[in-house]
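Here is a short tour of a two-chain model, written to be read with the structure open beside you. Please keep the view handy as you go through the sections.

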Amino acid sequence: MRFQYLLTQTVQGIRRNPLVVASAIVAVLVTLVLVFGSIVVRWSIDQDIGRWDDNVRVIAWLGDVSPDQVYAMQEEIASWPEVDEVVYFSKSQALEEFKELFADQPALIEVVQEDPSVLPDSLRIKPAEAGSYDVIQNRVAVYPGVQQATAAGEEIDALVARSNRMRAFAVGVFVVLGAAALVLIANTIRMAVYARREEIAIMRLVGAGNWFIRIPFLLEGLFEGVAGAALAALIVGLGHKPIVQMLSTVADPDSIVVPVQFLLQQSLLVLAFGAVTGLLGSALGMWGTLRD
Amino acid sequence: MIRLQDVSKVYDGGVVAAQGVNLEIAKGEFVFLVGPSGSGKSTIIRLLLREELPTSGNLWVAGKHVNKLPSWKVPLLRRSVGTVFQDFKLLQSKTVYENVAFALEVIGRPRHVIRQQVPQVLRLVGLAAKADRLPRQLSGGEQQRVSIARAFVNRPLILCADEPTGNLDPGTAVGIMRLLDRINRTGTTVVMATHDHAIVDAMRRRVVALDRGAVVRDQSRGAYENVPLLPEDLGEAEPE
């Protein structure tokens, strides 16, 4: 009886003003599409960085050193805390790699083949963390026997910076739109309270409990929040692919598939967030209007 | 049943609506609160329902210490006090039956209780045949009967009526008073604020006269005006 009554009230409240309810749902929807969307995009960027992380190497190009010296250097550099592993790359290995990388530019390959000193022996140093490449680079550069130390530093920095900008942007969007959604829900609830003010006055008069009066409004807010969140989850779940691929730096964008499990997990979070927004907005809307 | 002890109420802005009111009303009594507009009749009723808190003093209603009652218990207080107003306060979109049933629905009464009690109380107020009408299809007297039915359907211990006949012609008012009398005879305490001389004089019940928030007369089987005790500013006088 009670449950049914409360539910009926909620449904009536939603039907009373469908346009206002729809605007609140759309506000939640837009907010959460952007939030959820940026979570997914961030995931793919993190994947990118993950790939890079693994491939970051500091290359120490070696001068004229004996194999024994090379071995000693390798041992010592490997013992630095910033270093994960050190691999020796001979001239011929470097040449093979070069041929592979520039297979479509035979002119370049010819040049290198004619003068193998262009590609000397090298040590490929894998940092324990991608970010610490510069420390290693500086230390190795002054090492006796090392001609030059290189690393793809700028590219790494750019990626990290892009990821951070993305995060800041997402947080900004989240705060502004979240606040807007909250206020819109509060507004619909306030209008619903206003529409029912006579009924509420009589409910008070005959001794209806405070929660009995509030629950239909809370349910209405909850509905708006969850409906918006569910639509947002659906939209992102079905439509994230082109955006992720567009923003990806990976050579083959088709290889990026956001795992379903990750999407489901994040969808649950989005739904929970919608529910909380709905309840909070509803509480905000009732604030000061529903006291005994 | 009702006890007010040194109750004073000063509204924001300094209007004194009750000052040092002491009043005791026993179970089953029928009490008229009389006095000119602004004398504090409605304030007393609002205090009994805890729509207002007294500025000082204590009051007890139906065994509850009203001014100390935590707000979550206020609904319980109001379930034991039925209320009737001059303007009926009916929901225009609901039928007579639905208006009365509403009072039971919103306090969570089971449906079978509602189906049993609503027709019963509609018979009591003489509106069983008009259960499916909307309020605007009824006369003023009939609308007031609906609001009395709504106030009484939950069998409250106390019925508070604030000018229940204020909008009605004298003939209709008599019918309403008969109904309130009948409800009083079931053991329900009735407190009625009014400035209708004819009704008070005809009923000869306890009369509590108020002036500027103070009790100036408390008389069993009284009349609206009591010449020996009453200064001339009671009676027809309008607010100062």
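## A parallel strand pair in chain B

In chain B, strand β6(B) and strand β7 (residues 158-162) are paired in the parallel sense over 5 bridges. Strands here count as paired if DSSP finds at least two bridges between them. Helices (H or I, at least four residues) and strands (E, at least two) are DSSP runs, numbered from the N terminus. Within this pair, B:T83 stands opposite B:C160 in β7(B).

Strand β6 (residues 81-85) of chain B is mostly covered, with 4 of its 5 residues buried. A residue is called buried if 20 or more other C-beta atoms, placed from the backbone, lie within 10 Å of its own, exposed if 12 or fewer, and partly exposed in between.

## How to read the model

This is a predicted model, in which local features need pLDDT of at least 70 and side-chain atom pairs count only at pLDDT 80 or more, while totals for chains, interfaces and linings use all residues. Residues are numbered from 1 along each chain as its sequence is written, and chains are lettered from A and ligands numbered from 1 in the order in which they are written.

## Two helices side by side in chain B

Now look at helix α3 (residues 96-105) and helix α5 (residues 140-152) of chain B, which pack at an angle of about 25° with their axes 8 Å apart. Because of that angle, α3(B) is roughly parallel to α5(B); the term covers angles under 35 degrees. Axes are lines fitted to C-alpha atoms, for helices over the stretch in contact, and angles run from 0 to 180 degrees between N-to-C directions.

From α3(B), B:V96, B:N99, B:V100 and B:A103 meet B:V146, B:A149 and B:R150 of α5(B). Residues are in contact if their C-beta atoms, placed from the backbone, lie within 7 Å.

## Domains of chain B

Chain B is assigned domain 1 (1-80 + 158-224) and domain 2 (89-155). Such bounds come from an automatic or database domain assignment. The C-alpha centres of these two domains of chain B are separated by 24 Å. Their contact takes 10 residues from domain 1 of chain B and 10 residues from domain 2 of chain B. On the domain 1 side, the largest share, 5 residues, comes from helix α6 (residues 170-185) of chain B.

## Turning to chain A

Chain A is divided into domain 1 (2-51 + 157-286) and domain 2 (57-151), with C-alpha centres 51 Å apart.

Strand β3 (residues 122-127) of chain A pairs in the antiparallel sense with strand β1 (residues 58-62) over 4 bridges, where A:I59 has A:R124 as its bridge partner. Strand β2 (residues 83-89) of chain A also runs antiparallel to β3(A), joined by 6 bridges, and there A:Y88 is partnered by A:L123.

Methods:
Angles under 35 degrees count as roughly parallel, over 145 as roughly antiparallel, 65 to 115 as roughly perpendicular and the rest as oblique. Two residues are in contact if their C-beta atoms, placed from the backbone, lie within 7 Å.
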